[in-house]
Amino acid sequence: KESIHLINQTLKRLKNPKKPKTMKLCELSPSYLKLAILLFLVLLQSNSWADSASTLENFIQCVSLNSDLSVLPLSDTIFFSPNSSLFTSVLQSSAQNLRYLAPSVPKPAFIFTPLQDSHVQAAVICSKQLKIHLRVRSGGHDYEGLSYVSQIETPFFLLDLANLRSVNVDIKNNAAWIQAGATIGEVYYRIYQKSKVHGYPAGLCTTLGVGGHITGGAYGSMMRKYGLGADNVDDAKIVDANGRILDRAAMGEDLFWAIRGGGGASFGIILWWKIKLVPVPATVTVFTVSRTLEQGATKLLYKWQQVVDKLDEDLFIRVLIQPVSATAAKNATKRTISTSYQALFLGDSNRLLQVMRKSFPELGPTKKDCIEMSWIDSVVYISGSYPSGSPAEVLLQGKTTSKVYFKAKSDFVTYPIPEMTLEGIWNRFLEEDNPFTIWTPYGGMMSRIPESAIPFPHRKGTIFMIQYLSAWFDGDLKSTVKHVKWTQRLYDYMGPYVSRFPREAYVNYRDLDLGVNKKNNTSFIQALSWGNRYFKSSNFNRLVRVKTKVDPGNFFRHEQSIPTLSYTPVQSRKRSEGPNETMKG
Ligand SMILES: Cc1cc2nc3c(=O)[nH]c(=O)nc-3n(C[C@H](O)[C@H](O)[C@H](O)COP(=O)(O)OP(=O)(O)OC[C@H]3O[C@@H](n4cnc5c(N)ncnc54)[C@H](O)[C@@H]3O)c2cc1C
């Protein structure tokens, strides 16, 4: 009402015969100027609403021609336009990083939440036909919001797979077919419902969507024993760039290789994974032992780096590092650094204590620190997302309750980081509001799987992986710049102490600082700047070859998608000329 009133007023004033007929914008009084701009914005918005409504109408028509749309009504059940009252809540539902929900960030023209596989096929076909760019989301944990925001291409729509979350466990064959929209916590729980001695070695955060998570590798607390989630996949069903559903036999081994670790949304849309279940003991043991700087944290962390990749494969000890207040630290007089050693042992506490005494006595967990429990309870414990003692059923909640603005980056470490450098990290941490770093141990099975087995290359020689993160709670641009810069400065500081040539990074910790594709135009040379770090050169080259073969038109693309290569036909090229490395998709 207020807007209409203002518009009428503006129109009246603009029509006022006493005023000169032509008037420059700068001659308008400030309040008059405000009203004129408001009028313009309102008209613009109503136009873009109309545009987006007709795009959605065409899209629905196309989807109904290409699949069975028996659900009614369609709008606000599986299609959501920006003027729907549910649009914002559906958009925000699983999005993790508040930075990418800010008002200034581009929003999808509409959201489609399919109910069956054929809807996903139709979404691909119609996206192509209507030339509207597609972003696909499973669990929404992408660090740079790539699953629900396109910064390089508009209009785009969001294909949200949240309704596709079946998990069919087949204990007899040690397997499960899991649908892309299921969370990894739901997968763990459904396995546990069928067997207390089976598990799956993937992420520690239980709200991750298996659609995006496994495409990037999927590490977790059983990685030293069994490798990654992506190392334990037997089959998959995807929708390819032509809208066909392909299983492993139909897609061939090259594409099946690429989707297990080559990163999300470059090769097709994962509908289902067939995962291999792994044995877990009926009783596992967990502990969390913390040390502050005042308790010798620096020396202890130096020791951890020397032993952690050589520990018994049943043992996983990661370190969570953050500043804590003097009150929280108890033994400190000022803000200090806390290092929390969080462990999962695939066995009972007696054997765990023996292993610890032999290989890492400096940490010194006691019998009292060790808690024996079922594997599924250890999943709840290690996730850190639920109040202590929560039942396994919390894994069915599916969504994260706390969200923050954050920037993260990753590194892989091949030589222990000297104590002096650790002290430099602490100094930087003590200057920042909410920094956090997680150090994840490698070795064991991770170092026995060859680098080329799947696109994830961080294997033999890696002692541990680092994730750096800064979180903040307000969307103010100044805060964003401050915290992003802090993270980048820390990353620069760490350069000499981490893997080099390339400085490796984890594709599932998506980091756009490493470089981005230009709008609908991928360049192999440009993509090397992130491709070599995420995959190392030989895997990256193979990913590019697969991409060029299966999606030459570059339908599946985003800021860091795998590029295609085009070669000028041989007859029109001089023999001495190299391949033409860029391609407009
Ligand atoms: C709080 C938190 C904790 C984490 N913990 C871990 C951990 O313990 N271990 C670990 O390995 N990683 C971890 N990650 C990283 C996580 O693995 C990646 O962010 C992963 O991509 C998330 O998948 P998603 O489906 O939830 O995300 P989405 O944002 O939905 O998707 C991520 C990417 O995959 C694409 N994609 C999504 N669905 C599909 C699909 N069906 N087919 C093809 N492409 C698709 C998206 O377009 C996007 O590019 C964590 C992330 C967060 C935010």
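I divided the lining of the largest cavity by residue class and found nine nonpolar, five polar and no charged residues. Here Ala, Val, Leu, Ile, Met, Phe, Trp, Tyr, Cys and Pro count as nonpolar, Asp, Glu, Lys and Arg as charged, and the others, Gly among them, as polar. I note that this is a predicted model, in which local features need pLDDT of at least 70 and side-chain atom pairs pLDDT 80 or more, while totals for chains, interfaces and linings use all residues. Residues are numbered from 1 along each chain as its sequence is written, and side-chain values use heavy atoms, without hydrogens and water.

The search of the whole structure returned two cavities of 30 Å³ or more. A cavity is a set of points on a 1 Å grid over the protein atoms alone where a 1.4 Å probe fits but cannot get out, and lining residues have an atom within 4 Å of a point. For the largest cavity I recorded a volume of about 90 Å³, volume being the space filled by probe spheres set on the points, which are joined across faces, edges and corners. Of its 14 lining residues, Y188, G203, L204, S221 and V379 lie nearest the centre. Helix α12 (residues 375-383) contributes the most to this lining, with five residues; helices (H or I, at least four residues) and strands (E, at least two) are DSSP runs numbered from the N terminus.

The second largest cavity has a volume of about 50 Å³. Among the residues that line it I listed Y192, K196, H198 and W375. Its lining divides into four nonpolar, three polar and one charged.

**Sheet.** I traced an open antiparallel sheet of seven strands in the order β15-β12-β14-β13-β17-β18-β16; two strands pair if DSSP finds at least two bridges between them. β15 (371-373) and β16 (405-413) are at the edges with a single partner strand each, so one side of each has no neighbour in the sheet. Strand β12 (residues 284-292) pairs with β15 over three bridges, in the antiparallel sense, and T285 stands opposite E372 in β15.

**H483.** I located H483 in helix α15. H483 counts as buried because its relative accessibility is 3%, the limit being under 20% relative accessible area (1.4 Å probe, protein chains only). Leaving aside neighbours within four places in sequence, H483 is in contact with E432, D433, S470 and W472.

Key. 1 Å grid on protein atoms, 1.4 Å probe; cavity = no way out; pocket = protein on both sides within 12 Å on 5 of 7 lines; lining within 4 Å. Buried < 20%, exposed > 50% of the residue type's maximum accessible area, 1.4 Å probe, protein only. Contact = heavy atoms within 4.5 Å.
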